[in-house]
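Have the model open beside you and follow along piece by piece.

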Amino acid sequence: MPTKAPELDWLEGDVPRAAGFDDTYFSRAGGLAETRHVFLAGNRLPERFQGRDRFTIAEFGFGTGLNFLTTLAALRAVDPAPNLTFVSFELFPMTREQLKRALGAFPELGSPAADLLEIWTPEPGWNRLKIAGAELLLGVGDARRLIGDLQLESDDGPGEGTAIAPVDAWFLDGFSPAKNPELWDAALLKAAAELTAPDGTLATYTAAGWVRRNLQAAGFTVEKTNGFAGKREMVVGRKA
Ligand SMILES: C[S@@+](CC[C@H](N)C(=O)[O-])C[C@H]1O[C@@H](n2cnc3c(N)ncnc32)[C@H](O)[C@@H]1O
């Protein structure tokens, strides 16, 4: 089955908005600053990269790749940097042209953005890409189905699944929970918790009550903290 690209509108400043979800991919107040506040600082990154040989991040909603590329930029400032594996899920991968336009607003992302564009040919299922020394494991399809393919490499014996190291940090970045409940689904978050390292963390821009309850039921402890750009609250958490 071929992939289905999203139908986009472009708001001021070339902020993409998905017509199907009636929501933007990142804050109109600044995508890069939002990523740094919510997903990096929310997971205490880049500090937690220090002293690690390798580090695994997983994300729901690859979108424009802004979170991935901002993470790579943060990693560049760490010496020695851990080997990064970034697992992400995307049901509606953008076309190269859409990605190029969206990322064009962030020249500070540097050459990894150009590298991503160059090798961007997402196929349904698991895509393994190497960018700036990091591994991007991109699952193209519905996260609720694809997450079942992942297994922890510590699990006994060679399994049928795609092996990953336990996830150190989650970027929970679906569209707004009211518009994209699939990515905040209780069973999906439970599967995420099962793939998480004992001291693994999560961050998300939403503080919706039912999302917090789903996270707690999945096995995370969560707390509210200051949101980005006028948003009163966001949520951070760790494996309970
Ligand atoms: C807010 S955007 C993510 C923004 C992204 N992290 C970035 O850095 O640009 C949410 C993404 O989740 C994707 N999505 C929505 N439902 C999904 C599902 N069931 N499985 C996988 N991806 C999904 C959307 O297509 C969209 O790209």
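Start with helix H3, whose buried residues are covered by E2 and helix H4 (111-118), among others. This is a predicted model, by the way. H3 runs over residues 96-103, and its buried residues are Leu99, Ala102 and Leu103. Those three span an arc of only 90° around the axis, so they sit on the same side of H3.

E1 and strand E2 (residues 15-18) are joined in the antiparallel sense over 4 bridges, and Leu11 has Val15 as its bridge partner in E2. In the loop between E1 and E2 you'll find Asp14. Asp14 has a positive phi of about 60° even though it isn't a glycine. With 13 other C-beta atoms within 10 Å, Asp14 is partly exposed.

Leaving out residues up to four places away in sequence, Thr24 touches Leu11, Val15, Pro16 and Arg17. Is Thr24 buried or partly exposed? It counts as partly exposed, because it has 18 C-beta neighbours inside 10 Å, while being buried takes 20 or more.

Most residues other than glycine have a negative phi, and most peptide bonds are trans. The loop between helix H1 (31-40) and strand E4 (54-60) contains Pro46, and the peptide bond from Leu45 to Pro46 is cis, with omega near 5°. Arg44 lies in the loop between H1 and E4 too, and has a positive phi of about 55° without being a glycine. Another cis peptide bond joins Asp79 and Pro80, with omega about -5°; Pro80 is in the loop between H2 and E5.

Along the way, Arg128 is bridged to Leu137 in E7. There are 2 residues between E6 and E7, and Ala132 in the turn has a positive phi of about 50°.

What about the inside? The largest nonpolar core has 62 residues, and Ile57, Leu69, Phe86, Ala143, Trp170 and Ala192 have the most contacts inside it. Helix H2 (residues 66-76) gives the most to this core, with 6 residues. Ala192 touches Ile147, Trp170 and Ala218, not counting residues up to four places away in sequence. Ala192 is also one of the buried residues of helix H6 (residues 186-194), along with Leu188, Leu189 and Ala193. Down the axis of H6, these fall within an arc of 140°, so they line one face of the helix.

Finish at the ligand. There are 24 residues around it, and Gly61, Gly63, Thr64, Leu66 and Leu91 come nearest. H2, strand E5 (83-90) and helix H5 (143-146) are the elements that give two or more residues to this shell. Sorted by class, the shell holds 11 nonpolar, 7 polar and 6 charged residues.

How values were computed:
Residues numbered from 1 in each chain as written. Predicted model: local features only at pLDDT ≥ 70, side-chain atom pairs only at ≥ 80, totals over all residues. Core = buried A, V, L, I, M, F, W, Y, C linked by C-beta atoms within 7 Å. Buried ≥ 20, exposed ≤ 12 C-beta atoms within 10 Å, placed from the backbone. Contact = placed C-beta atoms within 7 Å. Pairing = 2+ DSSP bridges. Near = placed C-beta within 6 Å. Nonpolar A, V, L, I, M, F, W, Y, C, P; charged D, E, K, R; others polar. Arc of directions from axis to C-beta.
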